[in-house]
Amino acid sequence: MPSIAVTGSASGIGAAIAARLARDGAEVIGIDLRDATVIADLSTPEGRLAAIDGVRQACAGRLDALVACAGLGPHVTDHAAIASVNYFGAQELLVGLRRDLAAAETASAVVISSNSTTMPGAESPLVEACLEGDETIVRQMAATLTGSQVYAGAKLALTQWLRRTAPTAEWAGAGIRLNAVAAGPVRTPLLEGGLSHAIYGPAIRNFPVPTGGYGDADDIAAVVAFLLSGETRYVCGSVWFIDGGTDALVRGAKY
Ligand code: NAD
């Protein structure tokens, strides 16, 4: 039975991924602030270390897969927390659990990013600051930016980190495939929070989704399950847009 760790497993997309993987026969190690195997706060360095320790104990040092899904939406008023959870809460867990993933015969990790990474405004100095790894500076910078700039910037930094890291000897060379899912609007409590925000609500409603409507958490879970499976053993360092065609509509032929 494969051991698979899922952050953000208590709600929304993470809960759907955890349920799907458990149905497929995995032993799921959920990580969240509540209702999880490992209770940890991914917004702090200590919380992330506790999460890494908890997962290591639960999987006995051999982890088949990791899904970094926990996140805060752009409507959250603590902008520093958005950056801490969405970038450091994913990147530090991946790095901290790399040796446990390498201990499995083949391993795979997926980060849940967003199609906001390719929208105008995602590029900001926050991206480079995240990649440089100084969380104190990132948090100070985040406090001066809008929630959507911090959200998109942290997700873009995470995706850029993944693109740089996936093909290296420590990851692909050690049998660990890293991939990202860039989701569009998906019906979850996070999306509800955005929709009820005075500024983000109308912006999300005006967001064109060519297939119509919003996605369900199970739409994302199905793709994540596929990316973790042996059927995608040649897929590495890729970013899958699961957004009803929005990215294709907005960026056209550019990819
Ligand atoms: P959600 O709010 O339903 O779930 C997020 C989970 O993350 C919650 O269980 C929450 O407790 C956990 N979490 C938040 N802060 C944490 C912390 N400090 N420590 C530990 N856990 C913490 O949201 P969701 O929509 O399921 O979002 C999941 C991921 O998908 C996020 O990374 C989000 O950015 C991304 N995403 C969502 C959408 C969408 O429209 N819902 C679109 C694109 C990307």
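**Group meeting: sheet, ligand site and a few residues**

Let me start with aspartate 35, which is exposed, at a relative accessible area of 62%. This is a predicted model. Aspartate 35 sits in the loop between strand 2 and strand 3. Its phi is near 50°, a positive value, and the residue is not glycine.

There is a second case of this kind. Alanine 60 has phi near 55°, again positive in a residue other than glycine. Alanine 60 belongs to the loop between helix 2 and strand 4. With a relative accessible area of 69%, alanine 60 counts as exposed, because the cut-off for exposed is over 50%.

Strand 7 pairs with strand 6, residues 176–183, in the parallel sense, over four bridges. In that pairing, valine 181 has tryptophan 240 of strand 7 as its bridge partner.

Helix 3 holds asparagine 86. Is asparagine 86 buried or exposed? It is buried, with a relative accessible area of 1%. The side chain of asparagine 86 reaches the backbone nitrogen of leucine 72 at 2.8 Å. Leaving aside neighbours within four places in sequence, asparagine 86 is in contact with Ala70, Gly71, Leu72, Tyr151, Ala154, Lys155 and Leu158.

A polar side-chain atom of tyrosine 151 is 2.6 Å from a ligand oxygen. For lysine 155, a polar side-chain atom lies 2.7 Å from an oxygen atom of the ligand. Serine 11 has a side-chain N or O atom 2.6 Å from a ligand oxygen atom. On its own the ligand has 830 Å² of accessible area, and the protein covers 93% of that.

How many residues surround the ligand? The count is 28, and the closest are Ser11, Ile13, Asp32, Tyr151 and Thr188.

Key. Residues numbered from 1 in each chain as written. Predicted model: local features only at pLDDT ≥ 70, side-chain atom pairs only at ≥ 80, totals over all residues. Heavy atoms only, no water. Pairing = 2+ DSSP bridges. Helix = DSSP H or I, 4+ residues; strand = E, 2+ residues; numbered from the N terminus. Near = heavy atom within 4 Å. Polar contact = N/O pair within 3.5 Å; in protein donor to acceptor, adjacent residues only side chain to side chain. Areas by Shrake-Rupley, 256 points an atom, 1.4 Å probe, with all protein chains shown as cover. Buried < 20%, exposed > 50% of the residue type's maximum accessible area, 1.4 Å probe, protein only. Contact = heavy atoms within 4.5 Å.
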